[in-house]
Amino acid sequence: MICSTLIILFQNFDLVAAIESRGSRPNRVYLIFVSKTQTLNEADFNTRTLTEALAHIANTFDPHILPRRAPTRIEIKVDSGTYSGESLTLDDSNLKLPITIRALDLNRKPRFIGENVHTFLKVKPSRNLFPVTIRGLKIEHYNEAISLTIGDSNSYLGATTIKGHRIENCEFKEIGNRYAIKDQFSYAVIRVQNVANSYFIKNKFIDINSDPAPNFPKGSLLHAFYLAHHSSNNTISHNTFLRSTGDWIRIRNSSHRNTISFNSFADETKNNKYGISSWFDKNDPNPNHLECPSFRNIVKSNDFKNVNQIKDYILPTEQSSLCPPLRQEPVFIAHKNIDISQGQCRILPLQKCDDFELKTNSPTLDYLSQEAQSDPEVCSKRPSDYYSSCTRRSHNPLEVYRSSFEFENQFTQRGSFGKGCVVDLQNCPRMAREDFVAFMDHYEAGHTAENVCEGRVKSWYSSCSRLDTSVRFARTTYVQEGKAHEFIAGHGCIVKANYCPRMKNHFSPDGLGVDFRAEAHISKEQCRTRAHHWMSSCSKGGAPIPRRIETMFYQNGELVEKTVLHSP
């Protein structure tokens with residue numbers, strides 16, 4: 001049995017202090033603890049489910065009883081585990097303060113499974129009360145995951161909007177009647193109506209599918225996001241979308257100025273659906289259901305793999321004569337969107353460049369060049385373009401840009417350009433992040449002298465391995481315009497391949513990493529034979545044979561032997 005614990009902790013109130021207080025209302029959090037197996041001593045209220053927690057807020061909690069010591073928001077922290085059949089509603093009865101429902105540990109997301117329940121959460125106040133934040137939950141097997149609306153009506157005319165909601169770092173998997181109630185239909189994973197100035201960031205949508213139902217024979221109108229009826233100025237950013245029977249994001253009826261950016265859309269089924277689309281009902285005879293076009297929705301820096309990009313199903317010129325005068329503006333303003341069906345070119349800046357929205361030491365898709373997404377040679381030359389543009393503005397010549405090209409899980413380091421000494425480390429305790437990290441060496445003399453950069457590799461290896469003996473190697477690279485000279489110091493058996501799908505999760509983007517076999521780290525003879533193993537292993541499953549495999553045996557930071565194997 002999976003032990004499930006939901007934590008809502010809240011701070012005790014001091015009545016005497018509340019009476020004596022003369023200052024302004026402090027920022028206080030109301031927290032509750034919910035668990036199926038235990039209670040928490042410091043909690044003021046313990047319960048077993050989210051449903052009971054919201055009922056407690058509705059029936060007993062009054063934030064105005066102690067006006068000077070009252071909480072200013074409610075926070076619900078959910079421990080890891082599986083919760084079945086939860087169906088929640090936030091409305092005028094319990095939305096008495098801003099509410100956050102979040103994972104206790106974002107690395108161990110709690111899992112909510114529908115079990116014949118249509119919707120996980122409905123937020124439907126009658127007016128703009130308080131914002132709701134959902135963070136770090138896994139939601140599966142519902143017809144609809146989250147509905148954000150005004151009351152029970154569609155509010156077509158937009159007289160009232162709710163603002164400030166936030167959904168982030170959540171995972172929505174297997175949503176739709178294919179996995180939930182078979183004879184019931186839904187239009188969205190996240191339904192948004194009359195919602196403004198809200199944020200939907202860093203979520204994952206996986207297998208969003210609907211099948212024909214009695215009243216919906218087409219069975220393909222399920223969207224990840226459905227922004228409808230005056231839902232404007234919202235942000236949908238850095239989300240991942242994988243497989244769907246409907247367009248991923250649908251904009252409808254006077255929903256303007258939404259920003260859709262840095263999202264990834266992919267569907268290997270190639271079902272001819274669109275990543276982003278707009279529509280409005282131009283034929284509804286009910287004057288209270290008047291629908292009009294949407295305008296100026298920003299679509300930028302998104303990537304699409306086997307997915308069509310943007311579609312207007314009904315043109316603005318087809319609007320009703322009752323709509324406001326036709327605006328001479330586009331429904332979508334699209335730029336820097338790329339198709340990555342034939343490959344991906346990523347840029348790694350070692351210095352910050354604000355012009356291109358690139359983060360230092362973080363590989364980012366090259367949204368400025370569609371050609372680079374299908375041509376490795378073009379990708380290899382892109383660092384030169386970035387270097388020229390960024391250094392012209394920053395006046396700092398000590399910058400380096402790298403590019404790597406990926407196709408079907410094959411990573412190939414394709415290019416470097418700039419000037420300076422770059423350090424690559426793997427799992428070094430001196431670095432905050434794990435796995436590989438690259439950065440410009442802080443030792444300035446290394447940027448102007450190749451021999452100094454070569455000497456720095458031993459300093460970095462010694463520094464990291466002294467803190468953690470499992471650190472196997474360090475690398476520095478001296479870059480002078482388009483030429484790059486690499487230096488390695490380490491211990492044991494180091495492998496490098498020009499590409500290899502098996503190496504993707506354990507090696508740097510250019511195929512440099514530590515061999516898996518323990519005996520190879522103590523014997524140069526064993527390390528030598530591993531070159532043949534990797535040449536064979538990398539080409540399994542129909543993958544192309546690597547052009548070049550190197551094994552390098554190091555002791556105490558020094559290279560003892562190198563074996564180079566070329567494909568036939």
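Which side chain does the side chain of Asp424 join through a polar contact of 2.9 Å?

1. The partner is Arg402, whose side chain is joined to that of Asp424 by a polar contact of 2.9 Å. Please bear in mind that this is a predicted model, and that the contact is therefore one between side chains as predicted.

2. Asp424 itself is found in strand 36, which covers residues 410-426, and with a relative accessible area of 5% it falls under the 20% cut-off, so that Asp424 counts as buried. Leaving aside residues up to four places away in sequence, Asp424 touches Val437, Ala438, Ala474, Arg475 and Thr477 as well as Arg402.

3. Turning to open space, the largest pocket has a volume of about 1,100 Å³, and of the 36 residues that line this pocket, Thr240, Phe262, Ser264, Asp303 and Arg346 are the closest to its centre. By class, the lining comprises 13 nonpolar, 11 polar and 12 charged residues.

4. Several strands each supply at least two residues of that lining, among them strand 23 (240-244), strand 26 (264-266), strand 29 (303-305), strand 33 (344-349) and strand 35 (400-407).

5. For the chain as a whole, the secondary structure comes to 5 helices and 43 strands, and buried residues make up 52% of the 568 residues. Among contacts between residues at least 6 apart in sequence, 73% join residues at least 24 apart.

6. Finally, the accessible surface of the chain comes to about 25,600 Å², and carbon and sulfur atoms account for 47% of this surface.

Definitions and conventions
Residues numbered from 1 in each chain as written. Predicted model: local features only at pLDDT ≥ 70, side-chain atom pairs only at ≥ 80, totals over all residues. Heavy atoms only, no water. 1 Å grid on protein atoms, 1.4 Å probe; cavity = no way out; pocket = protein on both sides within 12 Å on 5 of 7 lines; lining within 4 Å. Points joined across faces, edges and corners; volume = space filled by probe spheres on them. Helix = DSSP H or I, 4+ residues; strand = E, 2+ residues; numbered from the N terminus. Nonpolar A, V, L, I, M, F, W, Y, C, P; charged D, E, K, R; others polar. Buried < 20%, exposed > 50% of the residue type's maximum accessible area, 1.4 Å probe, protein only. Polar contact = N/O pair within 3.5 Å; in protein donor to acceptor, adjacent residues only side chain to side chain. Contact = heavy atoms within 4.5 Å. Areas by Shrake-Rupley, 256 points an atom, 1.4 Å probe, with all protein chains shown as cover.
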